[in-house]
2 protein chains.
Amino acid sequence: MTLLKKAKDNIITKEMKHVAKTENQDPEYIRKCIAAGTIIIPKNKSRNTTPTGIGEGLTTKINSNIGTSQDCENYEEELKKLQISIKYGADAIMDLSTGNDTDRLRRLIIQKSHIPLGTVPIYSSAVQSKDITNMTKDNLFDAIKTHAKDGTDFVTVHCGVTLKVLETLKNHPRTTGIVSRGGSMLAKWMTYHKKENPLYEYYDELLELARKHDTTLSLGDGLRPGSIADSTDKSQIQELIILADLAKKAYEQDVQVMIEGPGHIPLHEIETNIKLQKALCNNAPFYVLGPIVTDIAPGYDHITSAIGGAIAAASGADFLCYVTPSEHLALPQAEDVKQGIIAAKIAAHAGDIAKGIKGATERDNAMSQARKNLDWKKQQSLALDPTAFKKYRIDTDHETCTMCGKYCAIKK
Amino acid sequence: MTLLKKAKDNIITKEMKHVAKTENQDPEYIRKCIAAGTIIIPKNKSRNTTPTGIGEGLTTKINSNIGTSQDCENYEEELKKLQISIKYGADAIMDLSTGNDTDRLRRLIIQKSHIPLGTVPIYSSAVQSKDITNMTKDNLFDAIKTHAKDGTDFVTVHCGVTLKVLETLKNHPRTTGIVSRGGSMLAKWMTYHKKENPLYEYYDELLELARKHDTTLSLGDGLRPGSIADSTDKSQIQELIILADLAKKAYEQDVQVMIEGPGHIPLHEIETNIKLQKALCNNAPFYVLGPIVTDIAPGYDHITSAIGGAIAAASGADFLCYVTPSEHLALPQAEDVKQGIIAAKIAAHAGDIAKGIKGATERDNAMSQARKNLDWKKQQSLALDPTAFKKYRIDTDHETCTMCGKYCAIKK
């Protein structure tokens with residue numbers, strides 16, 4: 001029995017109780033929302049993951065992407081990124097490894113951490129197949145099976161990249177086409193073989209597999225816009241409609257599901273994107289990448305995405321995938337991971353205040369009280385990053401700071 | 001004749017033509033908006049400032065604060081910050097010096113730059129008076145006169161900190177009280193002397209002075225909230241009502257005027273704050289500090305304010321005062337100034353895209369086209385900070401980047 005099935009059967013599990021306690025909510029509220037598909041707790045049945053709720057009425061969660069690439073396959077470095085992610089408050093981790101051994105990091109993460117783990121199994125089949133066109137439907141499903149069996153809590157599956165969606169894309173060309181790595185792999189395969197996306201065609205098999213391991217499906221947005229110019233276009237929305245259908249099927253088959261979303265979106269279209277997803281997908285949890293609100297700031301995309309992420313969270317997005325300063329340019333280094341996490345935490349928290357999440361302003365109020373009292377130690381302990389605080393607050397003996405000194409407005 | 005008077009008299013000046021050209025607008029549109037008080041071009045009549053338009057339908061401008069303090073009085077360092085501010089695209093500079101010689105930096109900035117300069121004259125009187133309670137009305141007005149005579153393009157004057165507003169504050173206590181430096185000086189003076197704010201009581205004299213030098217008034221928000229808890233409270237709005245009255249008087253007396261705004265504001269209250277200012281102040285330009293959307297991220301307040309600033313700009317704010325990572329902790333270093341500028345530029349630009357400013361997406365579109373073409377040189381030239389781009393893009397010979405390598409979604 002999956003967690004969703006239990007919720008539907010009116011069973012309050014220990015995971016639900018745990019989430020209820022963490023979120024300062026009633027366990028029955030958590031159960032009810034899981035049963036309605038508006039909250040998920042991604043947790044593979046074989047893994048001892050810390051139960052983490054994502055969805056309606058809960059604090060906005062953030063995800064950190066790590067993983068090797070063909071150009072950088074350094075496991076020590078990736079584990080360092082894992083530790084930094086946990087230290088600075090990532091609620092989930094995704095292993096996006098595309099290095100030669102795609103199994104290794106995933107298994108290390110499972111050994112060494114307890115936060116929910118997500119993966120993109122098609123990367124494993126892509127690496128194994130050398131050229132994606134060599135991949136068979138079985139290769140792809142075997143990869144998903146392996147990931148699920150290992151204990152992966154949620155898998156990104158780009159089931160919505162269908163022939164129909166590719167037709168829409170062809171008829172409505174874009175500036176940056178497909179920028180989703182998994183989405184582009186499937187599109188290439190489908191175009192080469194002139195066949196439907198196996199994740200769509202054999203979706204029932206996929207559900208069977210997910211149900212068996214109680215792995216949550218994260219329905220990937222292969223058509224997410226890769227530029228402001230492509231935002232909220234027909235291909236993106238066409239795919240979303242399909243994802244909404246697939247989410248409904250997963251829900252009916254007792255498989256927990258969330259929807260992935262954009263991407264590059266101008267500020268004034270973010271709320272619409274969130275409300276649209278909620279309306280189409282029966283309020284299933286929404287997991288957004290960014291959104292990035294301008295294309296012109298490579299090197300600072302943790303900031304462009306903090307802007308978009310905060311507005312998305314305030315509008316109802318449930319889960320933010322961080323973006324690091326190295327986005328669009330290189331695989332992130334450990335310091336980039338830290339910067340990405342902090343920016344995403346700020347965005348999620350700003351969104352939570354706006355959403356009116358219970359207790360969201362408590363830490364802000366304590367910080368402001370400490371500021372009023374010129375209690376610098378207390379301020380440091382309440383800061384999202386006490387290390388950064390310390391870096392600036394070098395004159396630790398002064399009652400005031402070097403900006404205002406004796407003209408400090410707060411000093412009596 | 002002030003610029004505003006000329007606009008009212010249907011005269012299109014060379015400053016208006018310059019702004020029209022820069023903004024890709026019709027000169028008559030600029031004149032009309034200046035005449036209506038919805039656009040200003042802060043420019044002291046004695047100074048050769050590059051004409052910079054702030055207001056309705058124009059790109060959102062950003063300001064960089066520099067200046068000495070009692071703890072840090074290093075003129076070379078401040079001039080370095082000035083150069084960095086100009087290099088990374090500040091549209092205006094404010095000298096907030098509170099070091100012992102408050103005249104020196106202002107005069108150096110006037111010598112060495114051509115972007116509009118703003119100051120807060122009360123800081124000069126505070127430094128001269130040793131204790132603010134020793135200040136006389138004449139001291140304060142002499143300081144304003146000196147700043148205006150030197151060529152200051154706009155002065156922040158906290159005219160709205162009236163006895164009535166202090167009464168409101170007393171009746172509705174706040175977590176962080178008054179956090180505006182100038183506001184707190186005036187409040188201390190008024191409380192000690194049991195007298196009305198001289199900037200309010202002798203506002204007509206102030207207007208006379210401003211008109212003489214064609215110095216724009218920036219009506220300071222001495223009651224801006226210093227914490228999420230104090231946001232949009234009675235004291236803040238009481239002051240705004242008074243500022244709206246004073247702005248009307250300035251406008252009637254042919255003195256250009258803008259309104260300063262918050263501060264610490266939760267995300268969901270930002271739009272309301274902007275719309276309220278516009279409604280009360282007859283659409284006078286709005287100059288906001290931040291807003292900062294959470295109190296818990298000292299060391300990262302360039303990010304918390306980029307979130308708030310982007311939403312403010314999208315909602316109609318015209319001018320963003322940058323916030324650096326060292327805000328709340330220390331006088332910023334040159335690198336902090338750079339980070340503050342870049343974050344504010346991102347916020348302003350994201351707002352401009354949302355506001356539908358003519359041509360705002362052109363650079364985004366060019367960047368996205370360069371991305372599609374894997375044209376890294378072009379991308380670098382279009383980046384807000386080409387140096388940061390270069391820092392991440394170390395593998396300059398590769399067709400793709402180290403994140404996706406051969407799995408690059410964009411590569412054909």
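## Exercises on a two-chain model

The C-alpha centres of domain 1 and domain 2 of chain A lie 38 Å apart. Keep in mind that this is a predicted model.

**Exercise 1.** Find which residues make up the two domains of chain A.

*Solution.* Start with domain 1, which takes in 42-49 and 58-354. Then go on to domain 2, which covers 376-407.

**Exercise 2.** Work out what kind of axis relates chain A to chain B.

*Solution.* Step one: chain A is superposed on chain B by a rotation of 180° with 0.0 Å of shift along the axis, and the RMSD is 0.0 Å. Step two: this is therefore the relation of a two-fold axis. Step three: look for A:I307, whose C-alpha is the nearest to the axis in chain A, at 2.2 Å.

**Exercise 3.** Describe the contact between chain A and chain B.

*Solution.* First, count the residues: 87 come from chain A and 87 from chain B. Next, take the area: the two chains bury about 7200 Å² between them, with 67% of it on carbon and sulfur atoms. A:I296, A:Y392 and A:Y407 supply 12% of what chain A buries against chain B, more than any other three residues. Finally, look at the side of chain A that touches chain B: helix 15 of chain A gives the largest share, 11 residues. By type, that side divides into 47 nonpolar, 26 polar and 14 charged residues.

Methods
Residues numbered from 1 in each chain as written. Chains lettered and ligands numbered in written order. Predicted model: local features only at pLDDT ≥ 70, side-chain atom pairs only at ≥ 80, totals over all residues. Heavy atoms only, no water. Least-squares fit on C-alpha atoms with pLDDT ≥ 70 in both. Domains from an automatic or database assignment. Contact = heavy atoms within 4.5 Å. Buried area = accessible area lost by both parts, 1.4 Å probe. Helix = DSSP H or I, 4+ residues; strand = E, 2+ residues; numbered from the N terminus. Nonpolar A, V, L, I, M, F, W, Y, C, P; charged D, E, K, R; others polar.
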